[in-house]
Amino acid sequence: MSIELGFLILYFAAMLGIGVWAARRKSATTEGFLLADRSLGPAVTALRLQSSSMSGYMFLGAGSLGYTQGYFGMWYALGDVGGGVLNLSILGRRMRKLSAMLGSITSIGYLEHRYPSPWVRAVAAVVALFCMFFYVLAQFLAGGQGLAMVTGLSVDVSMIVAVGVIVGYTFLGGYLAVAYTDFVQAIVMVIGMLWILIATLQYLGGLTAGHQRLGAIDADLLTMWGVDQQYLGQWGIIIGAVLIFSIGYMGWPHVNVSHMAMRRPSVARRAGLYSTTFNLLFIPAAYLIGMMGLVIVPNLDNPELAIFEVAEIVLPPVALGVVMAAIMAAIMSTADALLLQAGTIASHDLWGRFRKQKTDERTAVTISRITVLALAVIGTILAITEPPGVFDIVVFSTSVLGAAFVPVYVCAVWWKKANSAGALASIVVGTVAAVTAQLVGSSDSIGFDPMGIGITCSVIAIVVVSLATQRSHPVPEHVLRAVEETARVRRVPARLAAGEDPSLAAQVPDMDGPR
């Protein structure tokens with residue numbers, strides 16, 4: 001057995017061990033399983049948020065972009081560095097308070113409580129599940145490719161092993177297991193990525209020497225305009241590249257649940273500091289390694305393997321084990337968050353919300369686990385039979401999630417006039433606009449990124465429709481009071497604090513309208 005394979009086996013065992021520990025510690029309540037009893041501190045909150053945001057994209061997609069387009073990839077990195085602190089600053093404290101006051105324990109249920117309409121939850125849940133499926137597919141692809149390089153097994157077999165471990169600890173411990181495994185994995189990710197970068201620069205004789213050799217291949221790689229300066233003056237595409245990972249975070253339900261699980265609202269402030277530190281250390285390194293890979297391993301058939309290939313050349317076997325664990329950590333930390341949220345949406349936001357009979361906790365957990373398993377099986381089969389590129393899937397999923405949900409999450413805590421009609425219009429219009437822009441190739445045809453188009457349409461929809469329907473769909477008084485309270489820097493007053501209203505989950509709305 002190789003050193004790196006042995007290290008990976010120990011790492012997988014440690015993650016499963018955290019799952020077993022969390023299974024023993026987690027509360028018997030639904031809030032305990034889904035939000036870890038709102039008990040997480042700043043470090044766990046920040047690193048859980050960042051690790052579940054980064055995904056296998058950073059080790060495959062970012063490396064590929066650096067390898068093929070040079071410093072153009074830094075536009076994505078620029079937005080990504082500030083994404084975590086923007087999310088925590090704009091949504092963190094306020095969303096934590098509002099979710100507690102409205103009694104929300106899921107990120108999709110929170111939208112219905114803020115915008116009271118069963119249609120908001122139903123439509124949001126379907127859109128979120130659709131995007132999460134494609135996002136988790138990207139993680140499976142990344143996991144299979146990464147593990148295959150270490151084990152020597154086929155990509156398909158490696159993928160099945162990786163998915164099995166992820167599903168295993170997600171099943172065991174719920175959100176607490178996901179949060180603490182993500183925390184550990186974030187630390188491993190930083191160590192691994194920095195180790196590769198340092199070894200890469202030492203191998204080349206420093207950053208300046210690396211730049212000189214890269215410039216000898218193609219001087220345009222040293223500019224931020226791409227090969228042949230194809231993006232020079234293409235500000236629609238560049239702004240989209242910055243926005244997709246800066247404000248895009250705020251539309252991801254599997255990330256925003258981190259705000260709801262904080263111990264108290266003030267945790268967001270310190271979490272922002274941890275988040276920024278993590279991002280500065282981790283994100284630019286991936287793009288730099290990809291760029292230097294063009295010098296170290298030229299003519300790769302699959303540029304998404306650039307960081308893997310560079311690591312194998314510049315690192316000793318012992319270090320390679322740590323790095324491969326870091327790569328798997330990036331993949332697993334996003335996949336587990338996506339799977340848990342998908343299961344939560346299916347069991348709590350769809351099945352439990354729209355059934356006539358009240359769903360007991362055991363049934364809800366069973367449905368959640370079935371959903372997780374179904375997504376894992378379907379995603380694995382699709383990844384084996386027709387594997388698309390990781391970068392393309394991540395960009396598609398994040399674009400649609402951002403366009404559909406960023407305006408409704410932001411307006412939920414910052415604009416009292418945002419109502420249910422406006423929220424529903426925003427989700428639908430944003431989704432349709434982003435998907436349409438992706439299908440027609442708006443970046444190439446008109447020079448505007450799909451997410452930028454989607455968010456613009458989504459913002460217009462929520463503002464125009466909300467203002468036009470203030471009389472027909474007024475914001476309930478209790479929601480207005482709660483939104484006003486979110487602006488105050490203090491703990492949630494006892495008179496406004498709420499547990500989830502069990503009667504709400506048992507209500508069966510009239511989805512067909514008045515008869």
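**View 1. Surroundings of Asn256 in the predicted model.** In this predicted model, Asn256 touches Asn87, Leu91, Met95, Tyr249, Met250, Gly251 and Tyr409, when residues up to four places away in sequence are not counted. Asn256 itself is found in helix H11, which covers residues 253-260. Because its relative accessible area is 0%, under the 20% cut-off, Asn256 counts as buried. A polar atom of the Asn256 side chain lies 2.9 Å from the backbone oxygen of Met250.

**View 2. Tyr287 and the largest nonpolar core.** The largest nonpolar core comprises 158 residues, and those with the most contacts inside it are Tyr115, Phe282, Tyr287 and Phe405. Helix H7, spanning residues 118-151, gives the most to this core, with 19 residues. Leaving aside neighbours within four places in sequence, Tyr287 is in contact with Tyr57, Met58, Ala62, Leu65, Gly66, Gly73, Met74, Tyr76 and Ala77.

**View 3. The protein chain and its helices.** The protein chain contains 21 helices and zero strands, and 60% of its 515 residues count as buried. Of the contacts between residues at least 6 apart in sequence, 85% join residues at least 24 apart. The chain exposes about 19000 Å², of which carbon and sulfur atoms supply 65%.

**View 4. Confidence and the stretch 499-515.** The mean pLDDT of the protein chain is 82, with 86% of its residues reaching 70 or more. Over residues 499-515, by contrast, the pLDDT is below 50, although this stretch has 25 contacts in the model beyond near neighbours in sequence.

Definitions and conventions. Residues numbered from 1 in each chain as written. Predicted model: local features only at pLDDT ≥ 70, side-chain atom pairs only at ≥ 80, totals over all residues. Heavy atoms only, no water. Helix = DSSP H or I, 4+ residues; strand = E, 2+ residues; numbered from the N terminus. Buried < 20%, exposed > 50% of the residue type's maximum accessible area, 1.4 Å probe, protein only. Contact = heavy atoms within 4.5 Å. Areas by Shrake-Rupley, 256 points an atom, 1.4 Å probe, with all protein chains shown as cover. pLDDT = per-residue confidence, 0-100. Core = buried A, V, L, I, M, F, W, Y, C linked by side-chain atoms within 4.5 Å. Polar contact = N/O pair within 3.5 Å; in protein donor to acceptor, adjacent residues only side chain to side chain.
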